[in-house]
Amino acid sequence: MVTSLRELVLSEIREIAHGPISVFSPEDNASQVLGVLKETDRYEAAVSSGESVGLITIRDLLGVDQPAQRKVDKVWRATGSVSPSTSVIEVAELLVRNNVRALPVVEGGEVTGIISQDDLIGVMCDVDELSGYGVKELLRSPVWSLDIDERNATARSLMLERGISHVPVVEYGRLVGEVTAETIVHTFITPTSKTTT
(Lines give C-alpha, C1' and ligand atoms only; values in the text may rest on other atoms or scores of the structure.)
Protein backbone atom coordinates (compact mmCIF):
# COMPACT_ATOMS: atom_id res chain seq x y z
CA MET A 1 0.00 0.00 0.00
CA VAL A 2 1.27 3.46 -0.95
CA THR A 3 1.63 5.70 2.09
CA SER A 4 3.24 8.88 0.75
CA LEU A 5 2.85 11.07 -2.29
CA ARG A 6 6.46 10.38 -3.27
CA GLU A 7 5.87 6.62 -3.20
CA LEU A 8 2.72 7.03 -5.27
CA VAL A 9 4.23 9.13 -8.06
CA LEU A 10 7.20 6.78 -8.42
CA SER A 11 5.17 3.55 -8.31
CA GLU A 12 4.38 1.61 -11.47
CA ILE A 13 0.86 1.55 -12.86
CA ARG A 14 0.74 -2.24 -13.17
CA GLU A 15 -1.21 -2.50 -9.92
CA ILE A 16 -3.78 0.20 -10.67
CA ALA A 17 -4.48 -0.13 -14.42
CA HIS A 18 -7.68 -2.04 -15.05
CA GLY A 19 -7.84 -5.07 -17.27
CA PRO A 20 -8.65 -7.38 -18.90
CA ILE A 21 -10.60 -5.21 -21.28
CA SER A 22 -12.41 -5.41 -24.59
CA VAL A 23 -10.30 -4.09 -27.43
CA PHE A 24 -12.15 -2.82 -30.49
CA SER A 25 -11.10 -2.55 -34.10
CA PRO A 26 -11.84 0.48 -36.32
CA GLU A 27 -14.23 -1.75 -38.28
CA ASP A 28 -16.50 -2.38 -35.27
CA ASN A 29 -19.72 -0.40 -34.91
CA ALA A 30 -19.95 2.39 -32.35
CA SER A 31 -23.03 0.66 -30.93
CA GLN A 32 -20.86 -2.34 -29.93
CA VAL A 33 -18.58 -0.03 -27.95
CA LEU A 34 -21.57 1.66 -26.37
CA GLY A 35 -22.94 -1.72 -25.26
CA VAL A 36 -19.65 -2.71 -23.61
CA LEU A 37 -19.23 0.67 -21.91
CA LYS A 38 -22.72 0.39 -20.47
CA GLU A 39 -22.20 -3.22 -19.32
CA THR A 40 -18.83 -2.46 -17.70
CA ASP A 41 -19.71 1.02 -16.39
CA ARG A 42 -16.57 2.45 -18.00
CA TYR A 43 -16.05 5.81 -19.71
CA GLU A 44 -13.58 4.66 -22.34
CA ALA A 45 -12.63 1.62 -24.41
CA ALA A 46 -9.39 0.69 -26.18
CA VAL A 47 -9.07 0.58 -29.96
CA SER A 48 -6.22 -1.15 -31.78
CA SER A 49 -5.39 -0.80 -35.46
CA GLY A 50 -2.08 -2.32 -36.48
CA GLU A 51 0.62 -0.28 -34.79
CA SER A 52 -1.79 2.43 -33.59
CA VAL A 53 -3.66 2.23 -30.31
CA GLY A 54 -6.07 4.67 -28.78
CA LEU A 55 -9.42 5.22 -27.18
CA ILE A 56 -13.06 5.81 -27.87
CA THR A 57 -14.89 7.59 -25.04
CA ILE A 58 -18.42 8.40 -23.95
CA ARG A 59 -17.76 12.00 -24.99
CA ASP A 60 -16.75 10.78 -28.46
CA LEU A 61 -20.01 8.81 -28.66
CA LEU A 62 -21.99 11.89 -27.64
CA GLY A 63 -21.60 13.19 -31.18
CA VAL A 64 -22.83 9.98 -32.84
CA ASP A 65 -26.44 9.98 -34.00
CA GLN A 66 -26.69 6.46 -35.45
CA PRO A 67 -24.21 4.21 -33.63
CA ALA A 68 -25.34 1.04 -35.43
CA GLN A 69 -24.23 2.57 -38.75
CA ARG A 70 -21.16 4.48 -37.50
CA LYS A 71 -17.84 2.64 -37.57
CA VAL A 72 -15.33 3.12 -34.76
CA ASP A 73 -12.78 4.39 -37.30
CA LYS A 74 -14.79 7.62 -37.63
CA VAL A 75 -14.86 8.25 -33.88
CA TRP A 76 -11.76 6.94 -32.08
CA ARG A 77 -8.47 8.78 -31.55
CA ALA A 78 -4.95 7.41 -31.52
CA THR A 79 -3.57 8.34 -28.10
CA GLY A 80 -0.41 6.30 -27.88
CA SER A 81 0.06 3.93 -24.97
CA VAL A 82 2.03 3.19 -21.84
CA SER A 83 3.57 0.01 -20.45
CA PRO A 84 2.71 -1.56 -17.07
CA SER A 85 6.09 -0.36 -15.74
CA THR A 86 5.33 3.31 -16.47
CA SER A 87 5.32 5.41 -13.29
CA VAL A 88 2.23 7.16 -12.01
CA ILE A 89 3.84 10.58 -12.50
CA GLU A 90 4.71 9.78 -16.13
CA VAL A 91 1.11 8.71 -16.79
CA ALA A 92 -0.23 11.87 -15.13
CA GLU A 93 2.08 14.03 -17.26
CA LEU A 94 1.01 12.22 -20.46
CA LEU A 95 -2.69 12.57 -19.61
CA VAL A 96 -2.30 16.32 -19.07
CA ARG A 97 0.02 16.92 -22.03
CA ASN A 98 -2.20 14.98 -24.45
CA ASN A 99 -5.48 16.24 -22.93
CA VAL A 100 -6.91 12.73 -22.52
CA ARG A 101 -8.68 10.98 -19.64
CA ALA A 102 -7.00 7.61 -20.12
CA LEU A 103 -4.33 5.68 -22.00
CA PRO A 104 -4.20 2.08 -23.21
CA VAL A 105 -1.66 -0.16 -21.46
CA VAL A 106 0.35 -2.29 -23.90
CA GLU A 107 2.55 -5.22 -23.00
CA GLY A 108 4.21 -7.50 -25.54
CA GLY A 109 2.46 -5.72 -28.41
CA GLU A 110 -1.02 -6.43 -26.98
CA VAL A 111 -3.42 -4.00 -25.29
CA THR A 112 -3.81 -5.48 -21.78
CA GLY A 113 -5.60 -2.69 -19.94
CA ILE A 114 -6.40 0.97 -19.55
CA ILE A 115 -5.09 3.47 -17.00
CA SER A 116 -7.48 6.36 -16.39
CA GLN A 117 -7.76 9.52 -14.34
CA ASP A 118 -10.30 7.67 -12.21
CA ASP A 119 -7.74 4.94 -11.47
CA LEU A 120 -5.17 7.55 -10.41
CA ILE A 121 -7.68 9.42 -8.25
CA GLY A 122 -8.66 6.16 -6.57
CA VAL A 123 -5.12 5.53 -5.34
CA MET A 124 -4.60 9.19 -4.46
CA CYS A 125 -7.45 8.95 -1.94
CA ASP A 126 -5.19 6.81 0.27
CA VAL A 127 -2.40 9.42 0.43
CA ASP A 128 -2.74 11.49 3.63
CA GLU A 129 -0.57 14.33 2.28
CA LEU A 130 -3.27 15.27 -0.22
CA SER A 131 -5.96 15.84 2.41
CA GLY A 132 -4.53 19.31 3.09
CA TYR A 133 -5.50 20.70 -0.32
CA GLY A 134 -8.78 22.56 -0.66
CA VAL A 135 -11.09 22.37 -3.65
CA LYS A 136 -10.66 26.11 -4.19
CA GLU A 137 -7.03 25.53 -5.16
CA LEU A 138 -8.00 23.10 -7.93
CA LEU A 139 -11.30 24.30 -9.40
CA ARG A 140 -11.69 25.54 -12.96
CA SER A 141 -13.58 28.57 -14.11
CA PRO A 142 -15.61 29.77 -15.81
CA VAL A 143 -18.25 27.16 -15.13
CA TRP A 144 -20.93 26.58 -17.73
CA SER A 145 -24.27 25.60 -16.28
CA LEU A 146 -27.76 24.96 -17.54
CA ASP A 147 -31.14 25.88 -16.13
CA ILE A 148 -33.25 22.93 -15.03
CA ASP A 149 -35.75 23.65 -17.84
CA GLU A 150 -33.14 23.37 -20.65
CA ARG A 151 -33.49 20.58 -23.18
CA ASN A 152 -31.11 17.60 -23.32
CA ALA A 153 -30.09 18.68 -26.81
CA THR A 154 -28.78 21.94 -25.32
CA ALA A 155 -26.69 20.02 -22.78
CA ARG A 156 -25.32 17.77 -25.52
CA SER A 157 -24.41 20.76 -27.72
CA LEU A 158 -22.68 22.53 -24.83
CA MET A 159 -20.64 19.43 -24.00
CA LEU A 160 -19.56 18.94 -27.61
CA GLU A 161 -18.78 22.65 -28.11
CA ARG A 162 -16.79 23.04 -24.86
CA GLY A 163 -15.21 19.57 -24.75
CA ILE A 164 -16.69 18.81 -21.33
CA SER A 165 -18.52 15.80 -19.92
CA HIS A 166 -20.39 17.24 -16.94
CA VAL A 167 -22.65 20.29 -16.71
CA PRO A 168 -24.09 21.62 -13.44
CA VAL A 169 -27.86 22.15 -13.46
CA VAL A 170 -29.32 25.11 -11.57
CA GLU A 171 -32.80 26.21 -10.56
CA TYR A 172 -33.29 29.82 -9.44
CA GLY A 173 -29.50 30.14 -9.25
CA ARG A 174 -29.09 27.14 -6.89
CA LEU A 175 -27.26 23.94 -7.84
CA VAL A 176 -29.74 21.06 -8.04
CA GLY A 177 -27.67 18.44 -9.89
CA GLU A 178 -25.65 17.74 -12.98
CA VAL A 179 -26.13 16.17 -16.37
CA THR A 180 -23.33 14.02 -17.76
CA ALA A 181 -22.35 12.85 -21.22
CA GLU A 182 -22.65 9.31 -19.91
CA THR A 183 -26.27 9.85 -18.86
CA ILE A 184 -27.19 11.36 -22.23
CA VAL A 185 -25.41 8.65 -24.23
CA HIS A 186 -26.84 5.75 -22.23
CA THR A 187 -30.35 7.23 -22.19
CA PHE A 188 -30.74 8.35 -25.79
CA ILE A 189 -28.34 6.24 -27.88
CA THR A 190 -29.15 2.56 -28.27
CA PRO A 191 -26.29 0.06 -28.04
CA THR A 192 -26.04 -3.26 -29.80
CA SER A 193 -27.53 -5.73 -27.33
CA LYS A 194 -25.02 -8.48 -27.97
CA THR A 195 -21.40 -7.42 -28.33
CA THR A 196 -18.46 -9.24 -29.83
CA THR A 197 -14.93 -7.98 -29.64
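**View 1. A patch of negative charge on the surface of the predicted model.** In this predicted model, the side chains of Asp147, Asp149, Glu150 and Glu171 gather in a patch of negative charge on the surface. One of these residues, Asp149, is placed in the loop between β7 (146-147) and α6, and Asp149 counts as exposed because its relative accessible area is 68%, where the cut-off for exposed is over 50%.

**View 2. Helix α7 and the elements that cover its buried residues.** Helix α7 spans residues 181-188, and within this helix Ala181, Ile184, Val185 and His186 are buried. The cover over the buried residues of α7 includes the helices α2 (30-40), α3 (58-62) and α6 (152-162), together with the strand β9 (174-180).

**View 3. The cis peptide bond between Gly19 and Pro20.** Most peptide bonds are trans. Gly19 and Pro20, however, are joined by a cis peptide bond, for which omega is about -5°, and Pro20 itself lies in the loop between α1 (5-10) and β1 (23-24).

View 4. Most residues other than glycine have a negative phi. Asp41, which is found in the loop between α2 and β2 (44-49), has a positive phi near 55°, and Asp41 counts as exposed at 60% relative accessibility. Asn99 likewise has a positive phi, near 50°, and is placed in the loop between α4 (88-98) and β5 (102-107); with a relative accessibility of 66%, Asn99 also counts as exposed.

Conventions
Residues numbered from 1 in each chain as written. Predicted model: local features only at pLDDT ≥ 70, side-chain atom pairs only at ≥ 80, totals over all residues. Heavy atoms only, no water. Buried < 20%, exposed > 50% of the residue type's maximum accessible area, 1.4 Å probe, protein only. Helix = DSSP H or I, 4+ residues; strand = E, 2+ residues; numbered from the N terminus. Contact = heavy atoms within 4.5 Å. Patch = residues over 30% accessible without salt bridge, like charges linked within 9 Å, V, L, I, M, F, W, Y side chains within 5 Å. Areas by Shrake-Rupley, 256 points an atom, 1.4 Å probe, with all protein chains shown as cover. Salt bridge = Lys/Arg side-chain N within 4 Å of Asp/Glu carboxyl O. Lys, Arg positive; Asp, Glu negative; His and termini not counted. Charge placed at Lys NZ, Arg CZ, Asp CG, Glu CD.
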